[in-house]
Amino acid sequence: MNLIEQLGGYEKAKEWYAKEAKRLSAKGWWSWDLMRVQKEMLEYRREHGIYEIGDKVVGTKLFDDRIFEFQYYLPELSMAVISKDGAAVGLNQLRHAESAEIKANKRLEVG
């Protein structure tokens with residue numbers, strides 16, 4: 001059983017993370033458990049196509065190879081706003097940026 005399942009699913013893990021991060025940050029602390037849950041949550045979102053505000057994303061059909069930051073979802077249009085200036089793409093044209101892409105600060109060609 002993975003960590004997300006141990007915490008009762010993604011939403012419960014998200015609640016636990018927020019509560020624990022708030023508690024520890026009030027003391028000026030951080031923990032390996034928080035870092036582990038944060039990493040597992042990102043991997044879960046990547047695997048299940050879940051996007052949250054602040055996630056690093058790339059457009060799969062864009063000529064632009066920049067890394068964008070997910071802003072919000074427009075469900076009525078099946079579009080995601082991926083930059084503060086309002087750039088939007090269809091959810092089917094979006095994916096999470098991989099760690100290597102974030103490090104390189106650009107979309108890398110896959111396969």
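Against which elements do the buried residues of helix 3 pack?

## Helix 3 and its packing

In this predicted model, the buried residues of helix 3 pack against helix 1, helix 2, strand 6 (94–96) and helix 4 (99–104). The residues concerned are Leu34, Val37, Met41, Arg45 and Arg46. Valine 37 touches Leu3, Leu7, Ala13, Trp16 and Tyr17, with residues up to four places away in sequence left out of the count.

The length of helix 3 agrees with expectation, because its 17 residues, at 1.5 Å a residue, should span 24 Å and its end C-alpha atoms are 24 Å apart. Just after helix 3, glycine 49 takes a positive phi of about 65 degrees.

## The nonpolar cores

The largest nonpolar core has 10 residues, namely Leu3, Ile4, Tyr10, Ala13, Tyr17, Ala21, Leu24, Leu34, Val37 and Met41. At least two residues of this core come from each of helix 1 (3–6), helix 2 and helix 3 (32–48). Helix 2 gives the most, with 5 residues. A second, separate core of 8 residues includes Tyr51, Phe70, Ala80 and Val89.

In soluble globular proteins, nonpolar side chains tend to be buried together.

## Tyrosine 10

Tyrosine 10, a member of the largest nonpolar core, is placed in helix 2 (residues 10–26). This residue counts as buried because its relative accessibility is 6%, and the limit for burial is under 20%.

Apart from residues up to four places away in sequence, tyrosine 10 touches Ile4, Met41, Tyr44, Arg45 and Glu52. Among these, Ile4 and Met41 also belong to the largest nonpolar core, while Met41 and Arg45 are among the buried residues of helix 3.

## A nonpolar surface patch

Trp30, Trp32 and Met35 make a nonpolar surface patch of about 410 Å². Tryptophan 32 is found in helix 3. Tryptophan 32 is classed as exposed because its relative accessible area is 70%, and exposure requires over 50%.

## Salt bridges

The whole structure contains 7 salt bridges. In one of them, the side chains of glutamate 52 and lysine 14 meet at 3.2 Å, N to O. This pair links distant parts of the chain, 38 residues apart: glutamate 52 lies in the loop between helix 3 and strand 1 (56–59), and lysine 14 lies in helix 2. Lysine 14 is partly exposed, with a relative accessible area of 32%. Glutamate 52 is also one of the residues that tyrosine 10 touches.

Glutamate 20 forms a salt bridge with arginine 23, and the closest N and O atoms are 2.6 Å apart. Both residues lie in helix 2, 3 residues apart, which is about one turn of the helix. An α-helix has 3.6 residues a turn, so residues three or four places apart point the same way. Glutamate 20 is buried, with a relative accessible area of 18%, whereas arginine 23 is partly exposed at 40%. Another salt bridge joins glutamate 101 to arginine 95, with the closest N and O atoms 2.7 Å apart. Glutamate 101 counts as buried because its relative accessible area is 2%.

Terms used:
Residues are numbered from 1 along each chain as its sequence is written. This is a predicted model: local features need pLDDT of at least 70, side-chain atom pairs count only at pLDDT 80 or more; totals for chains, interfaces and linings use all residues. Side-chain values use heavy atoms; hydrogens and water are left out. Helices (H or I, at least four residues) and strands (E, at least two) are DSSP runs, numbered from the N terminus. Buried means under 20% relative accessible area, exposed over 50%, partly exposed in between (1.4 Å probe, protein chains only). Contact means heavy atoms within 4.5 Å. A nonpolar core is a set of buried Ala, Val, Leu, Ile, Met, Phe, Trp, Tyr and Cys residues joined through side-chain atoms within 4.5 Å. Patches are made of residues with over 30% relative accessible area and no salt bridge: like charges are joined within 9 Å, nonpolar side chains (Val, Leu, Ile, Met, Phe, Trp, Tyr) within 5 Å. Accessible areas come from the Shrake-Rupley method with a 1.4 Å probe; for residues, only the protein chains shown count as cover. A salt bridge is a side-chain nitrogen of Lys or Arg within 4 Å of a carboxyl oxygen of Asp or Glu. The expected span of a helix is 1.5 Å times one less than its number of residues.
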